[in-house]
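Please open the model in your viewer and keep the sequence panel beside it. The tour below goes from one selection to the next and says what to look for at each stop.

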Amino acid sequence: MRRSHRLVPAAALAATVLAGAALAGCSSGARPTPVPSGSSAFPSPSPSSAPRSSAPTPPPSASPTTPYPSPAEASGKAVSLYDFLEFWGDNTAGMEADFSELEAAGTTWARLRLASSPAAADRFASVVAAAERHHIQLIVILEKPAPLLDLGTPAEQQAYRSWVEQIVRRYQASVHYWEILSEPNLRYTWAIDSSHDSDQQAYVAAVRRYVTLLKQGYETVKATDPTATVLFGGLSEAKVERYLRAVMTTDASRYFDIMDFHAYGQTPDSVLSRYRSFRRNMRSNPAWAAKPIWVEFGFNSSWSDKGGYSGTEGQKARNFVKATRLVTAAGAQGPIFWFTLHGNNPDSPGYGLITRDKEDLSRRRLKAFYALKDMPAPGAATGVTVTSTAP
């Protein structure tokens, strides 16, 4: 989920910058949304503006209602949700409405992040219930207690392991896929200097600290639920080659089941090129070569200075379909994730499949929504021919 790539139109920029800290989390432990140079986050929603449901949230069921496919067998349509819990808060009606849209589009997978806070953990029960009602598998990005972007002291590392154990135990009947942070190769989401001329020794040390976190998360998840699947924190395509060279010198391959790669590009062909390059690098190391790679990407219609700008909703939809077909035909494994359902801004479609008004829950389906609904699920015949599927 590319948090550093979320922009608002210029008219909303001032409000966005002021609201950034409020958007990112549900408690005092939440980090501000990163705002890199030339970027900003979506405007922070007002928690009081949403209609709230007074009905109690039912607890997760005692046993899974849907079988969990193995990494090698998983496939289907998938959507990464932008700051879902932060946007909806306690508004269970809004959560239900969004999962209804996902099901209507034929989606069977959704990815979202979970901040380390009691409020977020409680609200997550409503997400789990809605996902089960709409037959959607969840991939949950586990964020961490402070320090949010680094390992911290031994006591803070123990707090992280305790948090992971508690949340996996609480929801293991319904959630089977856990991701250890997201985009740890970017300075906005991990304490790493990702600039091209940064000190290599410090860079490698930062990579190794994430590997330590990955190991702690993996071992805690597996000890709590041995049947669970663990994903490496999705790597951004930005400067990913340097990161892979560093991380492949570690034993990180022992501590994840699936690699998540965010293959954003300006065009469908560039998405395909980045996917192939990433897979080629993974295959260069025997310990990494067998790991499935699950792909996320998106195109946007609102911001010409952001990745995947497509100009119109029609072009965005066409780019989405073509990119999905290309990476599927090239052998991409697992579900393919589109970013995102809606951008939390009813006036700017951005990367979204729909727009959603938070107050009255009205929505407008965009052309990309119908493109997702109408296309075959990844893994089925896509009707596209490529000249080569070689790495």
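**A tour of the barrel and its surroundings**

Begin by selecting strand 1 (residues 77–80) and strand 2 (residues 107–114), which run parallel and are joined by 4 bridges; within this pair, S80 has R111 in strand 2 as its bridge partner. Bear in mind throughout that this is a predicted model.

Now extend the selection to the whole sheet, where 8 strands form a closed barrel in the order 1-2-3-4-5-6-7-8, with parallel pairing. Neighbouring strands of this sheet are turned against each other by 25 degrees on average, direction ignored.

Helix 5 (residues 154–171) lies across strand 2, strand 3 (137–142) and strand 4 (177–180), and runs at about 160 degrees to strand 4. Helix 8 (residues 268–283) lies across strand 5 (229–236), strand 6 and strand 7, running at about 155 degrees to strand 7.

Stay with strand 7 (residues 293–297), of which 5 of 5 residues are buried. Display its side chains and you will find I293, V295 and F297 pointing one way, with W294 and E296 pointing the other way. On one pairing, strand 6 (residues 258–262) meets strand 7 in the parallel sense over 4 bridges, and H262 stands opposite E296. Strand 7 is also joined by 3 bridges to strand 8 (residues 336–339), again running parallel, and here F297 has W338 as its bridge partner.

In soluble globular proteins, nonpolar side chains tend to be buried together. The largest core here has 93 residues, and those with the most contacts inside it are F99, F124, L138, W178, F232, V247 and F297; helix 6 (residues 200–224) supplies its largest share, 9 residues. Apart from this core lies another, of 9 residues, among them A78, L231, W294 and F337. To see what surrounds F232, leave aside its neighbours within four places in sequence and select its contacts, including Y210, L214, V247, I258 and W288.

Finish at E101, which is found in helix 3 (residues 92–104). Is E101 buried or exposed? Its relative accessible area is 5%, so E101 counts as buried, the cut-off being under 20%. Not counting residues up to four places away in sequence, E101 touches L341, I354, R356, R363, R365 and F369.

Key:
Residues are numbered from 1 along each chain as its sequence is written. This is a predicted model: local features need pLDDT of at least 70, side-chain atom pairs count only at pLDDT 80 or more; totals for chains, interfaces and linings use all residues. Side-chain values use heavy atoms; hydrogens and water are left out. Buried means under 20% relative accessible area, exposed over 50%, partly exposed in between (1.4 Å probe, protein chains only). Helices (H or I, at least four residues) and strands (E, at least two) are DSSP runs, numbered from the N terminus. Two strands pair if DSSP finds at least two bridges between them. A nonpolar core is a set of buried Ala, Val, Leu, Ile, Met, Phe, Trp, Tyr and Cys residues joined through side-chain atoms within 4.5 Å. Contact means heavy atoms within 4.5 Å. Axes are lines fitted to C-alpha atoms, for helices over the stretch in contact, and angles run from 0 to 180 degrees between N-to-C directions.
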